[in-house]
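The following exercises concern one protein chain.

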Amino acid sequence: MVESTRIDYYAGCMAAGLFTDDLFLEHDTGATHPENANRLRAIRSRLDRTIGSRFQPIKRNFAEPEEVARIHDIRYIQALESFCKRSGGYLDGDTPVSRRSYDAAMLAAGAGIEAANQIKSGNLSRALLLVRPPGHHSLQDRAMGFCLFNNVAICARHLQSIGFGRVAIIDWDVHHGNGTQDAFYDDPSVYFISLHQYPFYPGTGAARETGTGKGEGFTLNIPMAAGCGDTEYMRAFKEQIIPGLDKFEPDFLLISAGFDAHRSDPLAQMSLSASSFEWMSRELLEVASRHCNGKLISFLEGGYDLNALADSVEAHAQTLLA
Ligand SMILES: [Zn+2]
């Protein structure tokens with residue numbers, strides 16, 4: 001985990017990597033904001049006491065502006081840098097930034113790039129990235145919904161630049177991953193799947209949103225009514241997600257892993273438990289084993305009840321070690 005914690009190298013050819021960093025704690029959104037640094041503290045303190053040492057640490061890497069510019073306008077990247085470094089403030093109604101937020105966002109995006117490179121070189125087979133700010137709502141030219149740069153989308157484009165042509169992204173955060181959908185809506189090389197509460201923030205993610213042009217059929221939205229739990233999620237995996245992924249045959253699997261569909265989450269109304277994230281992780285690992293030698297990277301997105309978040313991330317992480 002972070003430099004200060006004990007590390008044992010997890011021996012074996014299927015090593016799982018983990019990245020987190022104190023800089024993410026300096027993305028200061030204020031103590032009363034739901035997406036605050038205590039989220040990461042809760043996860044880290046849990047993994048430090050349990051299974052964190054079984055992961056191989058991933059080295060620190062800041063994304064270059066050109067790498068982020070594969071998804072975002074360079075003018076937005078530059079404006080965000082100067083806004084943060086001047087003093088910070090609110091970018092939209094619910095997205096505050098502080099002086100260190102730009103650097104934290106560059107490190108969150110860079111984590112995906114470094115993990116991808118480590119997996120490409122054979123040092124790791126999969127990775128869990130405990131980063132913030134999260135990314136899946138951010139759009140080409142603006143921040144949105146606590147998200148600054150779209151970490152998972154930037155990683156998908158980087159993967160393609162190093163030879164992984166077909167990338168699948170599964171977003172199980174309770175909110176629709178509108179930014180990721182937008183980035184690849186007309187692109188048949190990236191298969192985007194989102195399960196989310198609907199109707200709900202951010203308003204997009206209807207089942208009829210399936211892609212456009214050559215990308216038609218490469219976006220799969222699974223909107224779910226408030227209150228859904230394991231039964232409905234299992235049905236979605238069995239009937240739509242797994243068959244869709246098997247047909248797509250990805251070269252690499254990415255997860256936008258939000259944990260706010262947990263029944264205790266204060267921002268949403270779904271009914272999952274921590275163990276739900278265990279079986280969902282296992283299902284996706286099996287897809288990755290069938291099609292891409294187990295290559296998978298998971299990015300932390302949402303999740304706002306600290307105990308539920310720690311429980312759920314631990315369940316997810318445990319599965320990634322299997
Ligand atoms: Zn969310």
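**Exercise 1.** Is Ile255 buried or exposed, and why?

*Solution.* The structure is a predicted model, in which local features need pLDDT of at least 70 and side-chain atom pairs count only at pLDDT 80 or more, while totals for chains, interfaces and linings use all residues. Residues are numbered from 1 along each chain as its sequence is written.

Step 1. A residue is buried if 20 or more other C-beta atoms lie within 10 Å of its own, exposed if 12 or fewer, and partly exposed in between, with C-beta atoms placed from the backbone.

Step 2. Ile255 is buried because 28 other C-beta atoms lie within 10 Å.

Step 3. Ile255 belongs to strand E9; helices (H or I, at least four residues) and strands (E, at least two) are DSSP runs, numbered from the N terminus.

Step 4. Setting aside residues up to four places away in sequence, Ile255 touches Ile170, Leu284, Leu296, Ser298 and Phe299, where contact requires C-beta atoms, placed from the backbone, within 7 Å.

**Exercise 2.** Determine the order of the strands in the sheet and identify the edge strands.

*Solution.* Step 1. Two strands pair if DSSP finds at least two bridges between them.

Step 1. The open sheet has 8 strands in the order E2-E1-E5-E10-E9-E6-E7-E8, and the pairing is parallel.

Step 2. Strand E2 (56–57) and strand E8 (219–224) are the edge strands, since each pairs on one side only.

Step 3. As an example of pairing, strand E1 (residues 16–19) runs parallel to strand E5 (residues 126–129), joined by 4 bridges. Within this pair, Gly17 stands opposite Ala127 in E5.

**Exercise 3.** Describe how helices H4 and H5 meet.

*Solution.* Step 1. The axes of H4 (residues 101–120) and H5 (residues 151–161) come within 8 Å and cross at roughly 35°. Axes are lines fitted to C-alpha atoms, for helices over the stretch in contact, and angles run from 0 to 180 degrees between N-to-C directions.

Step 1. Residues Ala108, Ala109, Gly112, Ile113 and Ala116 of H4 meet Asn151, Val152, Ile154, Cys155, His158 and Leu159 of H5.

Step 2. These contact residues comprise 8 nonpolar, 3 polar and no charged; Ala, Val, Leu, Ile, Met, Phe, Trp, Tyr, Cys and Pro count as nonpolar, Asp, Glu, Lys and Arg as charged, and the others, Gly among them, as polar.

Methods:
Two residues are in contact if their C-beta atoms, placed from the backbone, lie within 7 Å.
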